[in-house]
Amino acid sequence: MHFKNKTRKYILLGIIAFIFVGIIAANILANKQDATFETEEFIYQQAVQQYQSGNYAEAQKLIADLVVEKADSEQVNYLAGLIAASVGEYPSAAVYMQKALDINPHNVEAPMFMLQFGEVLFSAKRFDDAKIVLERCKEWNWMPEDYPQYQEQVQEMLTEIENMK
């Protein structure tokens with residue numbers, strides 16, 4: 001199969017044009033994705049800042065949209081759980097914390113996550129689940145440097161659960 005020189009030039013120009021259009025399209029799509037990421041990151045940081053400042057209602061408003069947009073984000077679900085617990089919405093907090101754990105099962109090895117999760121389950125009156133989490137905390141004998149009363153708090157909640165029976 002032989003092509004004339006003119007036909008070869010048109011084929012080459014067509015391929016080059018196709019590649020050029022593809023590069024432009026990829027660049028436009030990447031810029032939109034970057035802008036979306038930057039906006040979501042800004043909102044997340046604002047929610048963290050509001051949470052740390054004790055402005056839980058404002059933090060809850062900020063995180064609400066992110067929970068919908070980034071439902072598969074461990075960090076978003078974890079923060080949503082902490083915020084929900086801070087405003088007394090313990091059943092919702094338990095769902096968010098469980099989702100964070102489902103997304104990243106390695107959180108079972110994170111002492112503060114497990115303690116917070118146990119507290120949320122306890123406050124949500126899910127005592128059997130809380131007992132499982134808190135017993136795990138006790139078994140692993142965690143003693144975070146920044147929270148020396150860790151094991152005492154775990155034991156206190158376990159005792160309360162046992163006394164309820």
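Tutor: Let us start with a side chain: the backbone oxygen of Ala-71 lies 3.0 Å from a polar atom of the side chain of Asn-77, and the backbone oxygen of Ser-73 lies 2.8 Å from a polar atom of that side chain of Asn-77. This is a predicted model, in which local features need pLDDT of at least 70 and side-chain atom pairs count only at pLDDT 80 or more, while totals for chains, interfaces and linings use all residues. Residues are numbered from 1 along each chain as its sequence is written, and side-chain values use heavy atoms, with hydrogens and water left out.

Student: Is Asn-77 buried or exposed?

Tutor: Buried means under 20% relative accessible area, exposed over 50% and partly exposed in between, with a 1.4 Å probe and protein chains only; Asn-77 is buried, at 2%.

Student: How does one describe two packed helices?

Tutor: One gives the angle between their axes and the distance between the axes. Here helix 6 (residues 127–140) and helix 7 (residues 150–164) pack at about 145 degrees, with their axes 10 Å apart; axes are lines fitted to C-alpha atoms, for helices over the stretch in contact, and angles run from 0 to 180 degrees between N-to-C directions. Helices are DSSP runs (H or I, at least four residues), numbered from the N terminus.

Student: Which residues of helix 6 are buried, and what covers them?

Tutor: The buried residues of helix 6 are Ala-130, Lys-131, Val-133, Leu-134 and Cys-137, and their cover includes helix 5 (111–123) and helix 7.

Technical notes. Helices (H or I, at least four residues) and strands (E, at least two) are DSSP runs, numbered from the N terminus. Contact means heavy atoms within 4.5 Å. A polar contact is a pair of N or O atoms within 3.5 Å; within protein, one must be able to donate a hydrogen and the other to accept it, and residues adjacent in sequence count only if both atoms are side-chain atoms.
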